[in-house]
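Biologist: I'd like to learn how to read a model like this one. Can we go through it together?

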Amino acid sequence: TMRIILFSGAISQIACIGVDKASNGQQAVNMFKANWMKKCDCNTRYSLILMDLNMPVLDGYDATIQIL
């Protein structure tokens, strides 16, 4: 929602980091798996994941279980 968009915009400006956003829990899991499987020399893997516990399709609890 709007608070998440403002927060992610502020974080990316202050810390000069990239922010990826998922619209539901399943998309978050898919994004994590795709990021984890990348083969590159650079440091592009996720360092932090903030999860909304009430996401549609797959809630944050179940998405976190699949990520862990």
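Biologist: What share of the 68 residues of the protein chain counts as buried?

Modeller: Buried means under 20% relative accessible area, exposed over 50%, and partly exposed in between, using a 1.4 Å probe and protein chains only. Here 18% of the 68 residues are buried. Keep in mind that this is a predicted model, where local features need pLDDT of at least 70, side-chain atom pairs count only at pLDDT 80 or more, and totals for chains, interfaces and linings use all residues. Residues are numbered from 1 along each chain as its sequence is written, and side-chain values use heavy atoms, with hydrogens and water left out.

Biologist: How many helices and strands does the protein chain have?

Modeller: Helices (H or I, at least four residues) and strands (E, at least two) are DSSP runs, numbered from the N terminus. This chain has 3 helices and 0 strands, in the order α-α-α.

Biologist: And how do I read a helix pair, say α2 and α3?

Modeller: Two packed helices are described by the angle between their axes and the distance between the axes. The axes are lines fitted to C-alpha atoms, for helices over the stretch in contact, with angles from 0 to 180 degrees between N-to-C directions. Helix α2 (residues 25-36) and helix α3 (residues 60-67) have axes that come within 9 Å and cross at roughly 20 degrees. That makes α2 roughly parallel to α3, a label for angles under 35 degrees.

Biologist: Which residues of α2 meet α3?

Modeller: Gly25, Val29, Phe32 and Lys33 in α2 meet Ala63, Gln66 and Ile67 in α3, where contact means heavy atoms within 4.5 Å.

How values were computed. Angles under 35 degrees count as roughly parallel, over 145 as roughly antiparallel, 65 to 115 as roughly perpendicular and the rest as oblique.
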